[in-house]
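I opened this notebook page to record what I looked up in one chain, going from its overall form to single residues.

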Amino acid sequence: MARSEMRLRVKWAWWVTYLYLPLTRFGIWLGVPVDPKVISDDIAKGVRFDVVK
């Protein structure tokens, strides 16, 4: 069985860090019902992976 190693660099979009996550936490604190599937889909749109050699 062959083995290989890969390094990834994870980059968050600015709107995930500064808008989406704080507002989501605030909504949870207020008691707004949230759907984990929607949150994970939205965050997946803001994540970028780069292969580092």
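**The model.** I am working from a predicted model, in which local features need pLDDT of at least 70 and side-chain atom pairs count only at pLDDT 80 or more, while totals for chains, interfaces and linings use all residues. I number residues from 1 along each chain as its sequence is written, and side-chain values use heavy atoms, with hydrogens and water left out.

**Fold.** I looked up the secondary structure and found 2 helices and 2 strands, arranged along the sequence as β-α-α-β; helices (H or I, at least four residues) and strands (E, at least two) are DSSP runs, numbered from the N terminus.

**Dimensions.** I noted a radius of gyration of 16 Å, whereas a compact globule of 53 residues would be near 10 Å; this radius is taken over C-alpha atoms, and the globule rule is 2.2 Å times the number of residues to the power 0.38. The C-alpha trace spans about 50 × 25 × 15 Å along its principal axes.

**Surface and charge.** For charge I recorded 9 positive and 5 negative side chains, the centres of the two sets lying 8 Å apart; Lys and Arg count as positive and Asp and Glu as negative, with His and the chain ends not counted, and each charge is placed at NZ of Lys, CZ of Arg, CG of Asp or CD of Glu.

I then asked which residues Val 51 is in contact with, leaving aside its neighbours within four places in sequence. They are Met 6, Arg 7 and Leu 8, contact meaning heavy atoms within 4.5 Å. Val 51 belongs to strand S2 (residues 47-52) and Leu 8 to strand S1 (residues 7-12); the two are 43 residues apart in sequence, yet 4.7 Å apart in space, C-alpha to C-alpha. Val 51 counts as exposed because its relative accessible area is 58%.

**A helix residue.** I finished with Thr 24, which sits in helix H1 (residues 14-30) and counts as buried because its relative accessibility is 15%. The side chain of Thr 24 reaches the backbone oxygen of Tyr 20 at 2.7 Å.

How values were computed: Buried < 20%, exposed > 50% of the residue type's maximum accessible area, 1.4 Å probe, protein only. Polar contact = N/O pair within 3.5 Å; in protein donor to acceptor, adjacent residues only side chain to side chain.
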